[in-house]
There are 2 protein chains.
Amino acid sequence: MILTTHKTPLFASEKAPGATRNRVLNVAEQLFAERGLHAVSIRDITRAAGVNLGAINYHFGSKERLIGAVFERRIAPISEERLRALEAAEKTAGDVPPTLEAVLDAMFRPTVEQAMDPERGGATFGKLMVRCFVEPHTAVEEVMRRYLDPVVRRFDTVLMCVKPNLTAEDVLWRMHLLIGALHQSLLLWDRTLPDGRTLRMEPETYLKRFLAFAKTAFHASIPEA
Amino acid sequence: MILTTHKTPLFASEKAPGATRNRVLNVAEQLFAERGLHAVSIRDITRAAGVNLGAINYHFGSKERLIGAVFERRIAPISEERLRALEAAEKTAGDVPPTLEAVLDAMFRPTVEQAMDPERGGATFGKLMVRCFVEPHTAVEEVMRRYLDPVVRRFDTVLMCVKPNLTAEDVLWRMHLLIGALHQSLLLWDRTLPDGRTLRMEPETYLKRFLAFAKTAFHASIPEA
DNA sequence: GTTAAAATCATACGAACGTATGAATCATAC
DNA sequence: GTATGATTCATACGTTCGTATGATTTTAAC
C-alpha cells in the first residue's frame, strides 16, 4: 500500500506555513518592546502586521495568551542555554565547584548573545524582557515562573558552593542586582542619551565588560554589622 | 489700613486644604506602583480614593498630568538631595576630587533612604520609579529629563575626575548598570520569592551592602581589547 | 472535481476608557 | 445676610478596547 500522504506540504501558495502566526509574533514583540504591554492594542498589532483583526484570537486565543507566547518564544531557549552552560561548567571543573567566572558566564552570555542577534529578536527582545519583569501580567508571570525560577534556583545552589563565605540571601540578592544591571543596559542599548551619545558597543566587548563588572561586583566583601 | 484678609484659612470643616488632591496623589502612587501606569484607570484611582470621577481632571487636568505630578513629587527632592550631597562631598575633599565612595553615596543614599521611609512613599515609590523608567509616558519623560538629566550629567563629570582611567562612556555605562541594579532591588524589596523567602533587610544594612557592591563594581578594571 | 478542515475576512457587541459639562455644594469675604 | 470663587458631584459623549460570530476563502486529501 502506497501512502501518498506527506506531512510537510508542498506549498501551493507562496506563503510559508504559519506565516500569519509568525508575523504576528514578530510585530507584537516589536510593538510590546517599544510601547509596553498595556499600551499596545491587538488592533495596533494586526494593523502593523497587515493581518485581520481576528487573527490574534484565532491563533492565540486572547491577547493575554499572545503576550505569553511572545515572551516564551525567546525565554525558553535562553533558559535551556543557561542550564546547559552551567552543566558544562560543572563538568569542566570536575570534583571542585566551577569558577565564579564560568558560572556568571553561563548565566549572562545566553541573554547577551541573544540580545545582540537580530535573528533572535536582538535588542528588541532585550527591552521586552525588561518590560515583562516590571509590568505584571498574569500570562507572563506564569511563563516566567515556569522558565526562570528553576534557573535561578539552580544557579543559586551552585553559587553558594562557589562562594561559601556568602549567605544564601547574599547570593540571591547579588544575583538579582546583576540581573537588574543587565536589564538596564539592554534597555539603554540603542537609546540615544540626552547629550546625543549612545551606549552601544560591539557584542563581544559588551559581554567581556559586563562579565568583568559582574565578577568584580560579586566578589565584593560584605560590610561589617 | 487694616486688612482682615488671611491667606491661611481657619478651617470650618475638618478637611485639610488640598485633602482631595493629596489623597488622589497617594492612591495613584500606590496603584501605579502595583499595577503599572497604563493598567490603572482614573476610575480605579477615584474609586479607591473615595473621590468623584471628575476630581482628577479638575485638580490635574488629565491623567497624563497626574502621572507627571505623582512622579515629580518624589523625584524632585531626590534630585536636590543628590546634588547637595555631591557638593558637600566636593567641599569636604577640598582641592582633590572626592572619593569614589563619597560620590556613590551621594548618588544612591537619597533614593534608598526615601525608599525606606514610609512617609515619603517608601517601597511603593521605589517600584513606581522603576516603572517610570521602563514604561514610556510623555509626561514622565518630561519630568525625568528635567530632574534626572542634570544629575546624571553632573555626577558623570565628577566621576571622570575620580576615575580618570575610565573613558566617559565607561563611567556612564557603569553608572547605568548600578542604577539598574538599584531599581531591581527596589522592585524586589517586598516581593516574596518562589521559595517563600524575601530580600528585605534593615535600611542601614541595605545601604551599606549596596554601596559596597557599587563601589567594588565601579572599580572593576576594563578587560583588554 | 468533491470534500472537509484550516485559515482569513468583515462586522458587531458590550464594556471600559479619558474627558467634558453644568448643576449643586462648600468656604470665604463683604 | 448676600455674593463669589473654589470645589464636588452626577451624568453624558465619543472613542477604543478585547472578544465573538458567521460568512468566505484557501488548503490538502481523496
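**Exercises on helix packing and the chain interface**

In this predicted model, L100(B), E101(B), L104(B), D105(B), F108(B), R109(B), V112(B), E113(B) and M116(B) of α5(B) touch P203(B), E204(B), Y206(B), L207(B), F210(B), L211(B), A214(B), K215(B) and F218(B) of α9(B) (contact: heavy atoms within 4.5 Å; helices: DSSP runs of H or I, at least four residues, numbered from the N terminus). Local features need pLDDT of at least 70 and side-chain atom pairs pLDDT 80 or more, while totals for chains, interfaces and linings use all residues. Residues are numbered from 1 along each chain as its sequence is written, chains are lettered from A in the order in which they are written, and side-chain values use heavy atoms, without hydrogens and water.

**Exercise 1.** Determine how the residues of the contact of α5(B) with α9(B) divide by class, and at what angle the two helices pack.

*Solution.*
1. The contact holds twelve nonpolar, no polar and six charged residues (nonpolar: Ala, Val, Leu, Ile, Met, Phe, Trp, Tyr, Cys and Pro; charged: Asp, Glu, Lys and Arg; polar: the others, Gly among them).
2. α5(B), residues 100–116, and α9(B), residues 203–218, pack at about 145°, with axes 10 Å apart (axes: lines fitted to C-alpha atoms over the stretch in contact; angles: 0 to 180 degrees between N-to-C directions).
3. The crossing of α5(B) over α9(B) is right-handed (the near helix is turned clockwise from the far one by less than a right angle; anticlockwise is left-handed).

**Exercise 2.** Classify the crossing of α7(B) and α8(B) by angle.

*Solution.*
1. The axes of α7(B), residues 138–162, and α8(B), residues 168–188, come within 10 Å and cross at roughly 125°.
2. α7(B) is therefore oblique to α8(B) (under 35 degrees is roughly parallel, over 145 roughly antiparallel, 65 to 115 roughly perpendicular, and the rest oblique).
3. V152(B), F155(B), D156(B), L159(B) and M160(B) of α7(B) meet A168(B), V171(B), L172(B) and M175(B) of α8(B).
4. This contact of α7(B) with α8(B) has eight nonpolar, no polar and one charged residues.

**Exercise 3.** Describe the interface between chain B and chain A.

*Solution.*
1. Contacts join 50 residues of chain B to 50 residues of chain A.
2. About 4300 Å² is buried between the chains, 69% of it from carbon and sulfur atoms (buried area: accessible area, 1.4 Å probe, lost on putting two parts together, summed over both).
3. V134(B), W173(B) and F213(B) lose the most area in chain B, together 17% of what that side buries.
4. Six salt bridges are counted between the chains (a side-chain nitrogen of Lys or Arg within 4 Å of a carboxyl oxygen of Asp or Glu).
5. D170(A) and R209(B) form a salt bridge, at 2.7 Å from N to O.
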